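Here is a friendly briefing to read alongside the structure. Please keep the 3D view open as you go through the points.

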Amino acid sequence: MRKIRLGMVGGGRGAFIGGVHRIAARLDGRYDLVAGALSSDPVRARESAADLGIAADRSYADFAEMARAEAARGDGIEAVAIVTPNHLHAGPAIAFLDAGIHVICDKPLCATRAEADAIAAVAARSTARFFLTHNYTGYPLVRHARQLVADGALGAIRVVQVEYAQDWLSRSVEAEGQKQAGWRTDPAKTGGAGAIGDIGTHALNLATFVTGLGVEALAADLQSFGPGRRVDDNANILLRFENGARGMLWASQVAAGNENGLRLRVYGEKGGLEWAQEDPNRMALTLLGAPKQILTRGGAGVGDAWTRIPPGHPEGYLEAFATLYDEIADAIMGKDCPLLPGIEAGLEGIWFIEAAMASVRDGSIWIPRK
Ligand SMILES: NC(=O)c1ccc[n+]([C@@H]2O[C@H](COP(=O)([O-])OP(=O)(O)OC[C@H]3O[C@@H](n4cnc5c(N)ncnc54)[C@H](O)[C@@H]3O)[C@@H](O)[C@H]2O)c1
């Protein structure tokens with residue numbers, strides 16, 4: 001099978017998610033990483049490219065130059081991963097889409113509504129595709145849960161409880177120079193959002209992906225507990241879904257004892273299910289009147305779609321991320337991949353962030369999705 005020539009913006013030495021994208025792209029062997037603008041610091045960009053075996057003439061100090069130069073090469077990149085802080089998604093996304101290069105962008109889509117609209121406009125006219133790495137949608141049991149709901153196994157959905165709880169911002173680590181905390185707590189780099197953008201968008205996406213339901217309105221209560229912190233670090237949000245279902249979303253980065261506690265519970269008129277990403281190979285399913293069942297990834301009654309090893313051998317975060325990369329490769333090759341998150345998921349996330357902030361400004365009022 002032909003490999004896809006991949007580039008990366010961000011993800012140099014000391015960065016977090018760029019390395020995850022590279023592992024995800026390698027897992028099924030469908031990409032070659034051949035170019036990068038890997039850091040905002042040109043020396044670090046060059047050294048990081050050398051670490052990864054990227055040729056010196058394809059290591060760029062600037063993403064705009066990279067888009068131009070790669071588009072002009074006969075063997076230029078076909079896709080680019082954008083793994084920069086949120087305020088640096090829109091610039092590269094637009095530059096590469098304009099150059100006809102597929103974009104694999106991390107979440108949230110960008111920092112502001114204006115940027116989101118600009119990306120959507122370019123994506124609509126570009127020959128290239130736009131993908132957003134809401135990676136939790138790659139877990140086999142999350143996809144199974146979605147199928148159960150779509151098949152009507154739970155009946156009409158009534159209640160959705162979703163949470164993403166962490167504790168790594170319990171202390172003001174941004175004041176101690178922690179790189180990832182620094183930009184995440186700077187409103188100029190996030191568009192004003194804290195936990196709601198960083199992890200709340202993942203929780204929202206998981207809830208809408210599994211239920212297949214859009215959110216019709218929300219009402220938010222946001223706090224910032226970190227002393228002097230200018231963005232929210234704890235959010236309680238009420239959700240109304242388009243079919244009348246009701247939901248609650250909790251996103252917190254100050255909840256001691258939680259690492260990456262993403263958990264979803266969905267209840268319909270015939271049954272309920274529960275899944276947590278820290279135990280991703282199991283899911284609880286209860287059909288009213290019957291005993292609770294524990295479904296396992298690849299196990300009886302579930303099937304082995306999107307798995308790589310037999311049940312009982314744990315798969316996790318990296319494999320789920322890799323499933324997105326595998327399907328993005330399929331999509332680039334022209335296959336229909338309806339489960340992949342794209343621009344619509346990104347726009348929904350930006351609506352969610354801005355609606356939550358607008359709700360709080362006016363006393364936690366309900367904000368409809370227009
Ligand atoms: N999907 C997930 O599970 C997940 C997890 C973590 C982070 N993220 C998202 O990934 C993005 C990056 O987060 P992170 O934690 O890896 O941040 P990070 O601070 O660790 O890394 C950001 C990288 O971007 C580089 N950079 C900044 N400006 C640049 C520019 N102009 N040109 C090239 N490179 C530039 C930095 O030098 C650094 O290498 C964010 O949007 C974040 O929300 C997603």
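Arg297 and Glu315 are both buried, and the two form a salt bridge whose closest N and O atoms are 3.5 Å apart. This pair links distant parts of the chain: Arg297 and Glu315 are 18 residues apart, and each sits in the loop between E13 and H10. Please bear in mind that this is a predicted model, as you look through the points below.

**Salt bridges**

- A search of the whole structure turns up 26 salt bridges, and a few of them are picked out here.
- Arg184 pairs with Asp198 in a salt bridge, with 2.9 Å between the closest N and O atoms. The two partners are 14 residues apart and link distant parts of the chain, with Arg184 in helix H7 (residues 179–184) and Asp198 in helix H9 (residues 195–211).
- Are Arg184 and Asp198 buried or exposed? Arg184 is buried because its relative accessible area is 16%, under the 20% cut-off. Asp198 is buried as well, with a relative accessible area of 10%.
- Lys335 and Asp330 make another salt bridge, and here the closest N and O atoms are 3.8 Å apart. Lys335 is exposed, at a relative accessible area of 52%, whereas Asp330 is buried, at 15%.
- Some salt bridges share partners, and in this way Asp57, Arg58, Glu70, Arg73 and Asp75 are joined into one network.

**Helices H1 and H10**

- Two packed helices are described by the angle between their axes and the distance between the axes.
- Helix H1 spans residues 17–27 and helix H10 spans residues 317–332; the two pack at an angle of about 65°, and their axes are 8 Å apart.
- How do H1 and H10 lie relative to each other, roughly parallel or roughly perpendicular? H1 and H10 are roughly perpendicular to each other, because angles from 65 to 115 degrees count as such.
- The crossing of these two helices, H1 and H10, is right-handed.
- His21 belongs to helix H1, and His21 is buried, with a relative accessible area of 1%.
- His21 and Phe321 are 300 residues apart along the chain, and their C-alpha atoms are separated by 7.5 Å.

**Backbone features to look at**

- Most residues other than glycine have a negative phi, and most peptide bonds are trans.
- Lys107 and Pro108 are joined by a cis peptide bond, with omega at about -20°. You will find Pro108 in the loop between strand E4 (102–105) and helix H5 (113–125).
- Trp306 is not a glycine, yet its phi is positive, at about 65°. Trp306 lies in the loop between strand E13 (293–296) and H10.
- How accessible is Trp306? Trp306 counts as partly exposed, because its relative accessibility is 34%, which falls between the cut-offs of 20% and 50%.
- Ser364 is another residue other than glycine with a positive phi, near 60°. Ser364 lies in the loop between H11 and E14 and counts as partly exposed, at 32% relative accessibility.

**A nonpolar surface patch**

- Which residues make the nonpolar surface patch of about 270 Å²? Leu238, Met248 and Trp366 make this patch.
- Trp366 is in the loop between helix H11 (343–361) and strand E14 (367–368), and Trp366 is partly exposed, with a relative accessible area of 33%.

- Ala79 is part of strand E3, which covers residues 79–82. Ala79 is buried, with a relative accessible area of 0%.
- Ala79 and Gly349 are 270 residues apart along the chain, and 23 Å separates their C-alpha atoms.

Key: Residues are numbered from 1 along each chain as its sequence is written. This is a predicted model: local features need pLDDT of at least 70, side-chain atom pairs count only at pLDDT 80 or more; totals for chains, interfaces and linings use all residues. Side-chain values use heavy atoms; hydrogens and water are left out. Patches are made of residues with over 30% relative accessible area and no salt bridge: like charges are joined within 9 Å, nonpolar side chains (Val, Leu, Ile, Met, Phe, Trp, Tyr) within 5 Å. Accessible areas come from the Shrake-Rupley method with a 1.4 Å probe; for residues, only the protein chains shown count as cover. A salt bridge is a side-chain nitrogen of Lys or Arg within 4 Å of a carboxyl oxygen of Asp or Glu. Helices (H or I, at least four residues) and strands (E, at least two) are DSSP runs, numbered from the N terminus. Buried means under 20% relative accessible area, exposed over 50%, partly exposed in between (1.4 Å probe, protein chains only). Axes are lines fitted to C-alpha atoms, for helices over the stretch in contact, and angles run from 0 to 180 degrees between N-to-C directions. Angles under 35 degrees count as roughly parallel, over 145 as roughly antiparallel, 65 to 115 as roughly perpendicular and the rest as oblique. A crossing is left-handed if the near helix is turned anticlockwise from the far one by less than a right angle, and right-handed if clockwise.
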